[in-house]
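Welcome! Keep the sequence and the 3D view open while you work through these exercises, and try each task before reading its solution.

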Amino acid sequence: MATVALTAANFDEVTSKDGIVLVDFWASWCGPCVRFAPTYERSSEKHPEITFGKVDTEAEPVLAQKFDIRSIPTIMAVRDGIVVFAQPGALPGSALESLIEKVQELNMDEVREQMAAQLKAKDEPAAARG
């Protein structure tokens, strides 16, 4: 599957669906981004069940700001509408494959429970936590 250009207009629609979406935040002037692109493209062809998106940070500064992208390339993994991984730096092919395996193996019920517990703890007054 070819990569999908993600924009402010389609980002939420694409990433909120069930399944895995990998997002590559990049820019044309970024050497590591340009070198990583063929690796990302090869992986997209190997995994047609995954949506591979690319955000051009120059064309989509609102998205870069929304996700606090400070270094590119940054790879983000979204599963079932939840960001489960985000890290700057170009990955070698083997590391990208390892990331995909780990995201596929996630128990999303546990992820949702952990998120709910974190939100609850954050919302509790400090005195209640002791």
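**Exercise 1: the strands**

In which sense do strand 1 (residues 4-5) and strand 3 pair, and over how many bridges?

Before the solution, a word on the ground rules. This is a predicted model, in which local features need pLDDT of at least 70, side-chain atom pairs count only at pLDDT 80 or more, and totals for chains, interfaces and linings use all residues. Residues are numbered from 1 along each chain as its sequence is written, and side-chain values use heavy atoms, leaving out hydrogens and water.

*Solution.* Start with the terms: strands (E, at least two residues) and helices (H or I, at least four) are DSSP runs numbered from the N terminus, and two strands pair if DSSP finds at least two bridges between them. Strand 1 and strand 3 pair in the parallel sense, over two bridges. Next, look at strand 2 (residues 20-26): six bridges join strand 2 to strand 3, and these two run parallel. Now find Lys-54 in strand 3: Lys-54 is the bridge partner of Ala-5 and also of Asp-24. Finally, follow the chain from strand 2 through helix 2 (residues 31-46) to strand 3; this β-α-β crossover is right-handed (with the strands pointing away from the viewer, the path from the first strand over the helix to the second runs clockwise).

**Exercise 2: a charged residue**

Find Glu-60: is this residue buried or exposed?

*Solution.* First locate Glu-60 in the loop between strand 3 (51-56) and helix 3 (61-66). Glu-60 is buried (under 20% relative accessible area, with exposed over 50% and partly exposed in between, using a 1.4 Å probe and protein chains only). Then check for a salt bridge (a side-chain nitrogen of Lys or Arg within 4 Å of a carboxyl oxygen of Asp or Glu). Glu-60 has none, and the nearest side chain of opposite charge, Lys-66, is 11 Å away (Lys and Arg count as positive, Asp and Glu as negative; His and the chain ends are not counted).

**Exercise 3: aromatic rings**

How many aromatic pairs are there?

*Solution.* Apply the rule: rings of Phe, Tyr and Trp (its six-membered ring) pair if their centres lie within 6.5 Å; planes under 30 degrees apart count as stacked, over 60 as edge-to-face and the rest as tilted. The count comes to four. One of them is Phe-25 with Phe-67, tilted because the planes are at 55°, with centres 6.0 Å apart. Phe-25 is buried at 0%, while Phe-67 is partly exposed at 24%. Another is Tyr-40 with Phe-52, edge-to-face because the planes are at 75°, with centres 5.2 Å apart.
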